[in-house]
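Hello,

Here is the structure I promised to pass on to you. Please have a look at it first, and then read on for my notes.

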Amino acid sequence: MPLRDNPQGGAARRAAFCGMLGALALALSALEGALPPLPALPPGAKLGLSNLATMYAAGALGLGPALLLALAKALFAGMTRGAVAFAMSLSGGALSTLAMWILLRPRRRPFGFLGLGVCGALAHNAGQLCTAVFLAGPAAAGYAPWLLLFGVPSGILTGLLLRALYPLLEKLRTRP
Amino acid sequence: MKRPALLGRADLALILLALGAAAVWLLWPRADACTAVVEQDGVELARVDLSSLAEEEVLNLGGPYRVRLRAGPGFIEFLSSDCPDQVCVRTGRLTRAGETAVCLPARISVRLEGGAGGGTDAVTG
C-alpha cells in the first residue's frame with residue numbers, strides 16, 4: 001500500500017505529492033476558518049475537514065509523511081491562531097494520524113470511509129482533550145461527551161469528502 | 001492503496017456505539033449545581049456556593065485576558081474574556097453538576113459540583 005506497490009514513485013515525486021497534500025490540508029483549514037461558526041456545534045468544536053489530507057497520507061504514503069503533514073498543519077494553526085492552537089492542532093493531528101495508520105495497515109482494514117472518518121475525528125478530539133486537560137486542568141474533561149457526540153457527524157462528513165476526493169488523489173499519486 | 005468501502009457493518013457499529021455512549025453520558029441524571037470551582041493551571045482560585053447566592057455577582061479574575069465570571073442563584077458563566085477564540089464565553093451558563101467551561105488561553109476552568117454538604121459521589125486515591 002505505501003509506495004512499494006507503486007514502482008513509478010520516486011523520492012522527488014513523493015516529496016511533491018506530500019507537499020500537495022500539505023497545501024490541500026492548509027486550504028481546507030483556511031476554508032473552514034472562513035466559514036462562520038456553526039451554532040449547532042459546541043463551542044470550540046470544528047469540522048476538521050483538513051484531517052482528510054493526513055488520513056489519506058497515513059494510508060498512501062506511510063506514517064512518517066503523514067506525521068510531517070500533521071506538523072505542517074499545526075505550524076499553520078500556530079502562525080494564524082497562536083501557541084495554544086499549535087499545541088491543540090499538533091496533539092489532535094498526531095493522534096488521529098496514528099489511529100489512521102493503524103487502521104489502514106494493508107491486510108487489516110476493519111472500517112470503510114465513514115468509520116475511518118469517525119475514528120480520525122474521535123482520535124483528534126481525544127488528543128486535543130488531553131492537551132486541554134494538561135493546559136487548563138481536569139475540568140476540561142467535561143467537554144468529553146460533547147466531543148464524542150459531535151465527532152461522529154464531523155467524522156462522517158470528513159469520510160464522505162475523502163471518498164469523493166479519493167479517486168482524484170489516487171490518480172495524482174500513481175499517474176506515470 | 002486499495003479503496004476502502006464507504007460503509008460497512010463495523011462502521012455502522014462504531015457510529016451507533018459512539019452516539020449511544022455520548023447520549024448516555026449527556027443524559028445521565030445529574031444534580032443541580034451547588035458549588036462552582038474556579039481553577040487556573042489546576043490551582044483553585046475560588047469556590048462559590050451558588051445555592052446561597054441571592055443575586056448575581058461578577059468575579060473579576062484579571063490576568064492578561066481580563067476574565068470576568070458572573071455567578072447567580074444556580075448558575076455561573078464566563079461573562080467576558082479578551083481571549084481570541086471566545087470559546088469560554090460561548091459555552092454559556094453552567095447550571096448542572098459536572099458541567100464545565102474552559103478558557104484555554106487564560107488556562108482558567110470553571111466546573112460545577114453538586115451535592116454540597118451531602119456524601120461523596122466518588123472517592124479516589
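Going along the sequence, chain A follows the pattern α-α-α-α-α-α. That gives six helices and zero strands in chain A. Please keep in mind that this is a predicted model, so everything below is computed from predicted coordinates.

A few totals for chain A to begin with. The chain has 176 residues, and 47% of them are buried. Of the contacts in chain A with a separation of 6 or more, 72% are between residues 24 or more positions apart.

The axes of α3(A), residues 63-81, and α4(A), residues 83-103, come within 8 Å of each other and cross at roughly 160 degrees. Because of that angle, α3(A) is roughly antiparallel to α4(A). The crossing of α3(A) past α4(A) is right-handed. On the α3(A) side, the residues making the contact include L63(A), A66(A), L67(A), A70(A), L71(A) and G78(A), with K73(A) and R81(A) also among them. On the α4(A) side, they include A83(A), F86(A), S89(A), L90(A), G93(A), T97(A) and W101(A). Sorted by type, the residues of this contact come out as 14 nonpolar, four polar and two charged.

Next, the interface between the chains. Here 34 residues of chain A are in contact with 35 residues of chain B. On the chain A side, the elements that contribute two or more residues are α2 (51-60), α5 (113-136) and α6 (144-174). Which of them gives the most? That is α5(A), with nine residues.

Strand β3(B), residues 57-62, pairs with strand β4(B), residues 67-72, in the antiparallel sense over five bridges. One of the residues to look for is N60(B), whose bridge partner in β4(B) is R68(B). Four residues lie between the two strands of the hairpin, and G63(B) takes a positive phi near 80 degrees there. Is β3(B) buried or largely in the open? Zero of its six residues are buried, so β3(B) lies largely in the open.

Those are my notes; I hope you enjoy looking through the model.

Best wishes

Note on methods:
Residues are numbered from 1 along each chain as its sequence is written. Chains are lettered from A and ligands numbered from 1 in the order in which they are written. This is a predicted model: local features need pLDDT of at least 70, side-chain atom pairs count only at pLDDT 80 or more; totals for chains, interfaces and linings use all residues. Two residues are in contact if their C-beta atoms, placed from the backbone, lie within 7 Å. Axes are lines fitted to C-alpha atoms, for helices over the stretch in contact, and angles run from 0 to 180 degrees between N-to-C directions. Angles under 35 degrees count as roughly parallel, over 145 as roughly antiparallel, 65 to 115 as roughly perpendicular and the rest as oblique. A crossing is left-handed if the near helix is turned anticlockwise from the far one by less than a right angle, and right-handed if clockwise. Ala, Val, Leu, Ile, Met, Phe, Trp, Tyr, Cys and Pro count as nonpolar, Asp, Glu, Lys and Arg as charged, and the others, Gly among them, as polar. A residue is buried if 20 or more other C-beta atoms lie within 10 Å of its own, exposed if 12 or fewer, and partly exposed in between; C-beta atoms are placed from the backbone. Two strands pair if DSSP finds at least two bridges between them.
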